[in-house]
Amino acid sequence: MKSIKTTFIMAALSVAVTASAGNPFFDAYKTPHQTIPFNEIKTEHFLPAFEEAMKQQTQEVSAIVNNPQTPSFENTIVALEHTGRMLNKVSSPFFNLLGSETTDELQAIAEKVSPLLTEHSNSISLNEKLFARVKVVYDQKDKLKLTTEQQMLLQNTYDGFADNGANLSESDKAIYRELSKDLNMLSLQYGQNVLKETNKYSLLITDKSLLTGLPADVLDMLALNAKKAEKTGWMLNLKATTYTPFMKYAENRDLRRELYIAYNTRCMTGGEFDNREIVRKIANDRLKIANLLGHKSYADYVLKHRMAENKKNVYDLLDKLLTAYKPAAEKEYAEVQAYADAHGAYFKLQPWDWSYYSEKLKDEKYAINDELLKPYFELENVKKGVFGLATKLYGIHFTKNPRIPVYNPEVTAYDVTDENGKYLAVLYTDFHPRDGKRAGAWMNDFKAQWMEGKIDSRPQITIVMNFTRPTSTKPALLTFDELTTFLHEFGHSLHGMLTKCTYESLSGTNVYRDFVELPSQIMENWGSEKEFLDGFATNYLTSEKIPAELITKIKASENFNVAYLCLRQ
Ligand SMILES: [Zn+2]
């Protein structure tokens with residue numbers, strides 16, 4: 001049982017299950033490591049596969065419920081854990097593609113399938129007979145002599161029912177079903193609106209003088225944006241690779257303001273992609289669900305499964321941070337304002353001025369900026385550096401495997417092996433922004449890890465970024481922030497790749513949300529280590545190694561404006 005926990009037979013779905021012929025989801029994959037055959041999957045395969053997968057899990061659950069034997073850990077908890085494998089097989093590629101390679105057709109399927117999945121999941125977690133069996137096992141948990149991992153599985157399974165309404169009355173269960181269905185649909189719409197509104201915006205500049213201050217690389221990228229849209233000039237958009245450097249470097253204050261407002265008011269200025277009503281509804285649904293389950297607020301409800309445990313601990317930490325950071329942040333703010341005043345600003349700094357003057361001040365104080373560092377962070381070199389770090393730390397190796405199908409030519413798949421050359425995982429990397437990709441960076445799995453008897457079924461992991469593209473004249477050169485992001489997501493991917501659990505629902509990054517950032521934070525710290533940078537950071541034009549002095553500057557500037565950034569966060 002992963003995120004999708006249940007079943008229902010979809011009478012409403014008119015697509016017949018005869019559509020299995022030629023549908024790759026209905027067969028075992030014949031690809032290397034049984035990776036997803038993206039080259040064979042067509043959009044129309046998803047719906048019938050989802051339908052069949054839900055039907056299968058429903059039958060699997062029925063078999064558990066109707067088992068005449070007394071409920072035991074094996075015949076109930078483990079059996080339930082093993083249900084829904086086909087559903088995961090379909091869901092993983094579907095939801096990954098929805099994030100990184102979406103189309104209108106995929107989004108339409110998501111809208112259709114989302115309520116069905118919720119209903120399916122509810123039909124499992126609200127199944128009284130099933131819950132009764134789980135409860136029998138749970139009530140004897142102290143006598144069962146379970147391993148730590150088994151205890152965790154039992155607790156999670158029990159909570160998975162209790163936190164999803166299993167203890168509710170019949171009428172409240174019906175309310176819960178409606179609310180959760182509504183909530184899932186709203187979340188889906190929210191994300192789709194953000195992507196559509198982000199893609200909708202573009203601003204063509206034909207007068208180059210409006211772009212004073214932008215480095216040559218950024219200008220090249222803006223020209224490339226325009227060319228892609230079959231226009232001449234320089235095109236601004238709201239993708240991070242355009243927005244972030246523009247806010248840092250563009251001298252033209254009006255344009256900075258224009259872009260800032262466009263970016264920060266996405267989906268809240270009316271129009272078809274407005275999210276304000278959706279946000280209101282999400283907040284209301286969450287509160288209603290929390291109340292229904294006996295919690296005062298949604299925060300109380302979700303914190304049950306966090307290391308933080310309760311609201312008091314969260315606010316205590318936030319208050320401590322506020323006390324510690326506020327005086328420092330005020331000092332930082334005053335310093336940037338003073339710098340701006342001394343450099344011709346006749347105004348109180350506005351949000352769209354902050355990056356611009358901060359960057360200039362940083363340059364003045366530490367003689368360091370993105371443009372100085374980028375030539376040392378050519379993507380191919382960075383990849384070697386990051387992979388090499390994992391080899392050094394954990395003895396694992398990465399070999400490109402072109403026989404593994406990918407969903408976009410920009411995606412690369414690697415065989416990952418351990419120090420003895422034994423297969424450990426598949427890693428997919430997807431580095432650059434596209435219209436079908438949502439913003440940000442993330443790690444996910446295409447297949448989780450689990451043990452089947454003595455056989456260790458290894459995971460397939462993906463990391464997805466939105467890094468600066470190569471231009472017509474230059475390879476992809478990363479900023480220091482992008483290098484840090486790479487290390488961060490790579491840290492998550494290590495968590496996913498190195499996992500060794502018995503049960504799928506506990507493996508990899510299936511840990512508390514406020515624990516999951518640990519491996520990523522650890523990996524981020526390597527970004528400014530001389531030993532790490534020395535291994536790969538050479539100038540892509542001259543092959544000159546990154547000067548020691550530059551690394552010292554990176555270190556020195558590491559804490560620049562961090563108090564301000566922490567407060568903003
Ligand atoms: Zn993270």
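**Exercise 1. Is N408 buried or exposed, and what surrounds it?**

Solution. 
- Start with accessibility. N408 has a relative accessible area of 10%. Buried means under 20%, exposed over 50%, and partly exposed in between (1.4 Å probe, protein chains only). N408 is therefore buried.
- Locate the residue. N408 sits in the loop between β3 (397-400) and β4 (412-417). Strands (E, at least two residues) and helices (H or I, at least four) are DSSP runs, numbered from the N terminus.
- Check the side chain. It reaches the backbone nitrogen of E410 at 2.8 Å. A polar contact is a pair of N or O atoms within 3.5 Å; within protein, one must be able to donate a hydrogen and the other to accept it, and residues adjacent in sequence count only if both atoms are side-chain atoms.
- List the contacts (heavy atoms within 4.5 Å). Neighbours within four places in sequence aside, N408 touches E101 and R434.

The model is predicted: local features need pLDDT of at least 70, side-chain atom pairs count only at pLDDT 80 or more, and totals for chains, interfaces and linings use all residues. Residues are numbered from 1 along each chain as its sequence is written, and side-chain values use heavy atoms, with hydrogens and water left out.

**Exercise 2. Which protein atoms are donors of the zinc ion, and why is the site irregular?**

Solution. 
- Apply the cut-off. Donors are N, O and S atoms within 2.8 Å of the metal (3.2 Å for Na, K and Ca); water is not among the atoms, so sites may look incomplete.
- Test the angles. Four donors are tetrahedral if all angles lie between 85 and 135 degrees; four are square planar and six octahedral if opposite donors are over 155 degrees apart and all others between 65 and 115; anything else is irregular. Here the angles run from 52 to 141 degrees, and the site is irregular.
- Read the spacing: H-x3-H-x24-E. H488 lies in helix α17 (residues 480-497), while E517 lies in the loop between α17 and α18 (518-524), 29 residues apart.
- Compare accessibility. H488 is buried at 15%; E517 is partly exposed at 33%.

**Exercise 3. How many disulfides does the chain contain?**

Solution. 
- Use the rule: a pair of cysteine sulfur atoms within 2.5 Å.
- The count is zero.
- Look at two cysteines. C267 is buried at 4%, and C501 is buried at 17%.
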